[in-house]
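Hi everyone, thanks for coming. I'd like to walk you through one model this morning, so let me put it on the screen.

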Amino acid sequence: MTGAGMEKMRLAIVGAGPAGIYAADLLIKAERDFEVEIDLFEQLPAPYGLVRYGVSPDHPRIKGIITALRDVLDRGDIRFFGNVRYGQDITLGDLKKHYHGVIFATGAIRDASLNIPGIDAEGSYGAADFVSWFDGHPDVPRSWPLEAASVGVIGNGNVGLDVSRMLIKHPEDLLPTEIPTNVYEGLEASPIEELHLFGRRGPAYVKFTPLELRELGEVRDVDMVVDERDFDLEDPYVDETLMKNKQIVVITRVMNQWREQQKAREAGEVPAASRRLHLHFWSKPVEVVTDEAGRVSGLKIERTAPDGEGGAVDTGEFEVVPIQSLYRAIGYFGSPLDEIPFDDAKGVIPNAQGRVLDASGQQVPGVYATGWIKRGPVGLIGHTKSDAMETLECLMEDRESWWTPEVDDEAAIPSLLSERNVPYTTIEGWHRLDEHEIGLGEAEGRTRIKVVPRDEMTRISRGE
Ligand code: NAP
């Protein structure tokens with residue numbers, strides 16, 4: 001290996017979400033004694049991964065991260081190849097031939113599974129799929145069945161909040177956002193009146209962030225309904241440990257306000273809204289109840305109780321909450337990549353600080369991981385930066401074990417993709433699509449209207 005004498009490193013990054021783009025940016029800016037050229041491969045025709053396809057359309061502040069990511073791609077020293085599927089359009093062998101190493105930053109886009117009877121019933125969905133639908137992901141069907149008046153959501157994390165908010169909000173309040181037209185029309189036809197959000201532990205154990213929780217209570221014409229039983233349980237762990245966390249203090253305050261508002265409503269002091277969001281804590285899902293046609297008709301939960309050490313114990317007390325559709329928002333899960341080790345239990349690429357490891361725990365030379373595919377689907381977008389830094393430090397240290405590419409020609413990759421008839425997109429192509437979407441929005445007084453079908457995205461990007 002000629003790593004030590006080499007002057008220019010060619011690096012491939014697979015995945016152009018925040019994890020991949022931050023890694024590219026940080027490597028370009030890092031103090032190093034070699035030149036670097038980075039090619040960023042993305043399976044979708046547009047960049048930005050989870051920011052474009054995971055963040056809710058009514059979160060413009062978080063969507064705004066795109067501006068920073070865009071500045072990185074626009075600087076001109078990182079090449080973007082969109083609509084290129086790793087494992088199909090470009091293989092590990094191709095990467096080895098053209099680069100000194102690769103970083104996988106492919107994230108986690110599937111739903112973790114929940115093994116309870118009835119979970120596969122008609123009307124039971126994964127939150128990740130629904131998020132992909134409302135964010136206009138090209139690879140999910142255009143229409144979504146929204147026929148239930150009473151809907152259940154399992155999971156007390158921010159994805160559970162996003163899904164609940166998108167379902168219960170009056171769709172006209174989403175119109176100023178970038179939601180695709182098919183999504184607006186689907187939500188407008190939804191007869192929803194009740195949403196039941198279930199958590200298997202108590203109100204002080206939620207994974208919600210305070211800002212997002214407060215926002216839920218501010219949704220127009222939706223009452224927050226709480227169950228006083230959930231707040232009455234003796235739990236020394238809350239006072240001794242959880243209330244030392246500022247976020248939990250704020251969250252508790254928000255929920256206490258909802259309890260007060262509920263009392264005021266019950267006393268007839270304030271009018272009732274037309275839609276309700278019910279919070280069920282200490283409620284562990286045990287079975288999806290179905291009707292004769294096999295469709296979701298309820299969620300059976302077992303009441304749990306605090307064990308005093310931060311966990312929950314079963315009580316043997318069961319309840320069924322009537323619902324006609326169910327979403328599980330209990331976490332995302334990564335997908336395996338061709339020829340790359342994968343941990344099926346955790347849904348990540350096995351690694352040590354970003355260095356990919358094989359089944360025997362040995363480092364796989366030249367192969368690295370960053371972001372959710374490295375550490376699992378937890379943490380906010382900003383956390384990806386420190387994660388990328390850790391991976392890059394390993395990469396820079398490992399110079400002796402990088403690959404030795406046969407080809408040193410920057411025209412080789414575009415030629416290879418063209419030879420294989422891969423209709424790849426570029427950063428200039430993204431600008432075309434971006435302007436097109438903004439133009440579609442302008443015509444209707446909206447910020448943007450997303451183009452959803454993959455072939456249309458590709459055609460517009462490629463100026464065809
Ligand atoms: P999360 O924060 O890990 O929350 C998952 C929730 O599912 C937890 O309440 C967990 O309960 C529950 N859960 C897991 N397994 C369960 C089971 N078998 N039965 C019942 N409940 C179960 O995951 P997430 O909501 O997918 O979010 C992923 C990351 O993205 C988080 O860091 C989140 O903050 C971030 N995010 C942020 C935003 C934003 O707007 N800022 C939006 C979306 C996502 P336990 O606590 O009891 O395990």
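**A buried aspartate, a ligand and a strand**

Let's start with aspartate 58, which is buried, at a relative accessible area of 9%; buried here means under 20%, with exposed over 50% and partly exposed in between, using a 1.4 Å probe and protein chains only. Before going on, a word on the source: this is a predicted model, where local features need pLDDT of at least 70 and side-chain atom pairs count only at pLDDT 80 or more, while totals for chains, interfaces and linings use all residues. Residues are numbered from 1 along each chain as its sequence is written, and side-chain values use heavy atoms, leaving out hydrogens and water.

Where is aspartate 58 found? In the loop between helix H2 (49-53) and helix H3 (60-63). Helices (H or I, at least four residues) and strands (E, at least two) are DSSP runs, numbered from the N terminus. The side chain of aspartate 58 makes a polar contact of 2.7 Å with that of lysine 169. A polar contact is a pair of N or O atoms within 3.5 Å; within protein, one must be able to donate a hydrogen and the other to accept it, and residues adjacent in sequence count only if both atoms are side-chain atoms. Leaving aside neighbours within four places in sequence, the contacts of aspartate 58 (heavy atoms within 4.5 Å) include Arg165, Met166 and Glu215.

Now to the ligand. It is surrounded by 24 residues, and the closest are Asn158, Arg200, Arg201, Lys207 and Gly379; a residue counts if one of its heavy atoms lies within 4 Å. Asparagine 158 has a side-chain N or O atom 2.9 Å from a ligand oxygen. For arginine 200, a polar side-chain atom is 2.8 Å from an oxygen of the ligand, and for arginine 201 the distance from a side-chain N or O atom to a ligand oxygen is 2.8 Å. The protein covers 83% of the 920 Å² of accessible area that the ligand has on its own, by the Shrake-Rupley method with a 1.4 Å probe.

Last stop: strand S14 (residues 325-328). Ser325 and Tyr327 point one way, Leu326 and Arg328 the other, and all are buried. In a regular strand, side chains alternate between the two faces of the sheet. S14 pairs in the parallel sense with strand S6 (residues 124-126) over three bridges, and pairing requires at least two DSSP bridges. There, leucine 326 is the bridge partner of serine 124. S14 also pairs in the parallel sense with strand S7 (residues 150-154), over four bridges, with serine 325 as the partner of valine 151.
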